[in-house]
Amino acid sequence: MFTRASVRQLLLALVFLGIVGLEVELALLRHAESVTQWIPHVALIIGILSTLIVFFRPGPATLRVFQTVMLIFVVVGALGIYLHYRGHVEFALERDPSLGGAKLIWKALRGASPALAPAALSQLGLLGLLYGYRHHAPAADSDQKRENVD
């Protein structure tokens with residue numbers, strides 16, 4: 001029913017829609033009060049551009065750039081989870097310095113801003129990496145290099 005190319009295009013469309021949706025959500029939440037809160041905005045804008053470029057100009061170089069941006073998404077998402085969690089821990093300890101162990105973890109995970117929300121960015125990164133997995137562009141590029149060496 002679906003060809004490999006159509007599944008790839010579907011994955012790319014999902015990545016694009018997810019990036020746009022996440023950026024809109026962050027803008028609506030006014031997620032820009034500090035320098036660290038601007039990190040996902042910058043990553044998402046670069047993600048939009050790299051997604052459009054790989055869609056309109058597919059090739060080995062644009063695919064590598066896209067894959068690099070998607071890897072950055074995974075890292076920025078993990079950083080966001082850490083920053084959200086750390087902020088919640090600090091707030092919980094300010095309110096109750098006696099907290100520790102599982103109670104502190106539970107409080108931190110249930111803080112005002114969702115501690116695991118940045119994982120959505122990592123998920124988009126993984127989806128984008130799935131799009132690029134065994135993509136024809138890098139394989140063609142590496143085959144040409146092998147032929148030139150032999």
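Predicted model: local features only at pLDDT ≥ 70, side-chain atom pairs only at ≥ 80, totals over all residues.
Helices H1, H2, H3 and H5 each bring at least two residues to the lining, with H3 giving the most, 10 residues.

Now on to the second largest pocket, which holds about 240 Å³ of space. Its lining includes Gly87, His88, Phe91, Arg95, Asp96, Lys107 and Arg110. Two elements give two or more residues here, H3 and helix H4, which covers 101–109. Again H3 gives the most, this time five residues. By class, this lining has five nonpolar, three polar and four charged residues.

Let's turn to the packing. As general background, nonpolar side chains in soluble globular proteins tend to be buried together. In this model, the largest nonpolar core has 19 residues. Which of them have the most contacts inside the core? Those are Ile19, Leu44, Phe66, Met70, Phe73 and Tyr131. Helices H1 (4–28), H2 (35–56), H3 (60–95) and H5 (119–132) each give two or more residues to this core.

Have a look at Leu44 on your screens. Leaving aside residues up to four places away in sequence, Leu44 touches Ile19, Leu22, Glu23, Leu26, Phe73 and Leu121. Finally, a second, separate core has five residues, among them Val89, Leu99, Leu104 and Ala108. Leu99 and Ala108 also line the second largest pocket.

Key. Residues numbered from 1 in each chain as written. Heavy atoms only, no water. Core = buried A, V, L, I, M, F, W, Y, C linked by side-chain atoms within 4.5 Å. Buried < 20%, exposed > 50% of the residue type's maximum accessible area, 1.4 Å probe, protein only. Helix = DSSP H or I, 4+ residues; strand = E, 2+ residues; numbered from the N terminus. Contact = heavy atoms within 4.5 Å. 1 Å grid on protein atoms, 1.4 Å probe; cavity = no way out; pocket = protein on both sides within 12 Å on 5 of 7 lines; lining within 4 Å. Points joined across faces, edges and corners; volume = space filled by probe spheres on them. Nonpolar A, V, L, I, M, F, W, Y, C, P; charged D, E, K, R; others polar.
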